[in-house]
Amino acid sequence: DQYFFSLIPMTSTDQSQPLPRDDYFHYQNCWYPVLFVQDWQKNPYSFSLYGQPLLIFRDQQGKWGCLLDRCPHRLAKLSTGQMIAGRLECLYHGWQFETDGKCSHIPQLPVNTPIPRNAKVKSYGVVERQGVLWVWLGEEETAKESDIPIIKDLEDPNCVHTDYVIDFPYEQGYLLENLLDPAHVNISHDRSEFGAKRENAQPLAFQILEISARGIRSQWRNSRNPQESWKYLDFIAPNLVHYRFSLPNPDWCAGLALYGISLSQGRSRLLMRRYQNFAVNSRQYRWRWLEHLRQSRILEDDLPLIQSQQQMVEKSRDSLQKLYLPLKSSDALVIELRQWFDRYGDSFPYYQGYTSQRTTAIDLSDPLPLDRYSRHTVHCRTCSTAHEKMVKTKQIAILMGILLALLAILSPNQSIYQITALIFAILALAIAIAANYTRRKFERTYEKKAHTKLQ
């Protein structure tokens, strides 16, 4: 039993900024990252947070607005509407709304008739910070931009970063649990992630530095080398998991910011940002879409495992304390996260703690799309553009191949024209095959195959 989990005592050796000592946490009084600004494509853009249907749009002056995705007239979805002179128009009856939710035009009203005061959509605070769109779920007047959980290292002008977004068919709690679990990397991501090798799997040492209503601060390291530097790993409620790495040069910084938000029960979104302020050329000049294909494959290593985990918990209806068999040397942060929900999860619409929960059964008979296109490509401007280019390249190459093949048929036998046309027809076919292969990478989820090693 000495190897299995028990609550690790808190220490206070971390010199980083302490967590606020709040006794209560309310999920609405928080900033939620929704999308990277560089991935903004549709105006308006629809999404949800904890099952609440919302939309973001931008007026002609560049001002952002976030509204409940529901017209007050007959409850049609505003996100299906269009932008008219900087205003959002409902496509059902043409009512138009400003960024603050006020209705400014109703075509069915007689001339000189004032617009009813209650013709208004509930609005939410929305700001752009560090290249991310943030939404405040609480009352707008209580929103403070200083509460946005920004990454201070990103304020360094020399810092570069790579951003990535993807949706998952499981709840936020399972996503955060996975992100706070460094022990799984060498096994689940063997040879997928840089440096991940199953032979490197080993016991881990954890220190829980601080716990409050605002999250958990911790540090961890591998146990084989007792001289290894600690790596800092924080959970900033309700959605940020932040890895910070120890580096030989004190002026260097590198980290991984992982925002795991709840879209609805049984659906979550991950916004990932890798950053560093050294060897910047190695990141600046990478093709973003190529990096995203690599990252998608890594995260899809875990997808069927976490999905089946959620299904098992749903079917059992027991607490995680009864279902899990956690180890001190691998699962410390996972259990701390679940116990954090036990202490501070009362306000959440649904959650799964270690001994408690507030949830209803997820409808597993209507599964969410698992294809990569639905979960990532449509949300990523770079990858959706690359996907569209691959489709067009394939079409053009096939057409050129057909025309060149016809030219070869009509040319004199064994003439230079026939040979040249055949060569270019084959080249066009090869381009079409390559474009189609790449197109499928943006659409299909990677399926990891098990490898059996004979001793």
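Ala85 is partly exposed, with a relative accessible area of 49%. Buried means under 20% relative accessible area, exposed over 50%, and partly exposed in between, with a 1.4 Å probe and protein chains only. Ala85 sits in the loop between β5 (82-84) and β6 (87-89). Its phi is near 55 degrees, a positive value in a residue other than glycine.

This is a predicted model, in which local features need pLDDT of at least 70, side-chain atom pairs count only at pLDDT 80 or more, and totals for chains, interfaces and linings use all residues. Residues are numbered from 1 along each chain as its sequence is written, and side-chain values use heavy atoms, leaving out hydrogens and water. Helices (H or I, at least four residues) and strands (E, at least two) are DSSP runs, numbered from the N terminus.

## Other backbone features

Most residues other than glycine have a negative phi, and most peptide bonds are trans. Asn112 also has a positive phi, near 70 degrees. Asn112 is found in the loop between β8 (103-105) and β9 (123-129). At a relative accessible area of 77%, Asn112 is exposed.

One runs from Asn43 to Pro44, with omega near 10 degrees. Pro44 lies in the loop between β1 (31-36) and β2. Another runs from Ala237 to Pro238, with omega near 5 degrees. Pro238 lies in the loop between β14 (231-236) and β15 (240-244).

## Aromatic pairs

Rings of Phe, Tyr and Trp (its six-membered ring) pair if their centres lie within 6.5 Å; planes under 30 degrees apart count as stacked, over 60 as edge-to-face and the rest as tilted. By this rule the model has 23 aromatic pairs. The rings of Trp40 and Tyr45 are tilted, because their planes stand at 55 degrees, with centres 6.4 Å apart. Trp40 is buried at 11% relative accessible area. Tyr45 is buried too, at 9%.

Tyr50 and Tyr350 form a tilted pair, 6.2 Å centre to centre with 55 degrees between the planes. Tyr50 lies in the loop between β2 (45-49) and β3 (52-58), and Tyr350 in the loop between α6 (332-344) and β18 (351-352), so the pair ties together parts that are 300 residues apart in sequence. Tyr50 is buried at 8%, and Tyr350 is buried at 12%. Both belong to one aromatic cluster, whose members include Phe25, Phe235 and Trp340.

## Two crossing helices

Helix α4 (residues 288-316) packs against helix α8 (residues 381-410) at an angle of about 100 degrees, with their axes 9 Å apart. Axes are lines fitted to C-alpha atoms, for helices over the stretch in contact, and angles run from 0 to 180 degrees between N-to-C directions. That makes α4 roughly perpendicular to α8, a term for angles of 65 to 115 degrees.

Arg288, Trp289 and His292 in α4 meet Thr382, Cys383 and Ala386 in α8. Contact means heavy atoms within 4.5 Å. The residues of this contact divide into three nonpolar, two polar and one charged. Ala, Val, Leu, Ile, Met, Phe, Trp, Tyr, Cys and Pro count as nonpolar, Asp, Glu, Lys and Arg as charged, and the others, Gly among them, as polar.

## A buried arginine

Arg375 lies in helix α7 (residues 372-375). Arg375 counts as buried, at 2% relative accessibility. Its side chain makes a polar contact with the side chain of Glu300, at 2.7 Å. A polar contact is a pair of N or O atoms within 3.5 Å; within protein, one must be able to donate a hydrogen and the other to accept it, and residues adjacent in sequence count only if both atoms are side-chain atoms. Not counting residues up to four places away in sequence, Arg375 touches residues including Val165, Phe168, Leu303 and Thr445.

Methods:
Angles under 35 degrees count as roughly parallel, over 145 as roughly antiparallel, 65 to 115 as roughly perpendicular and the rest as oblique.
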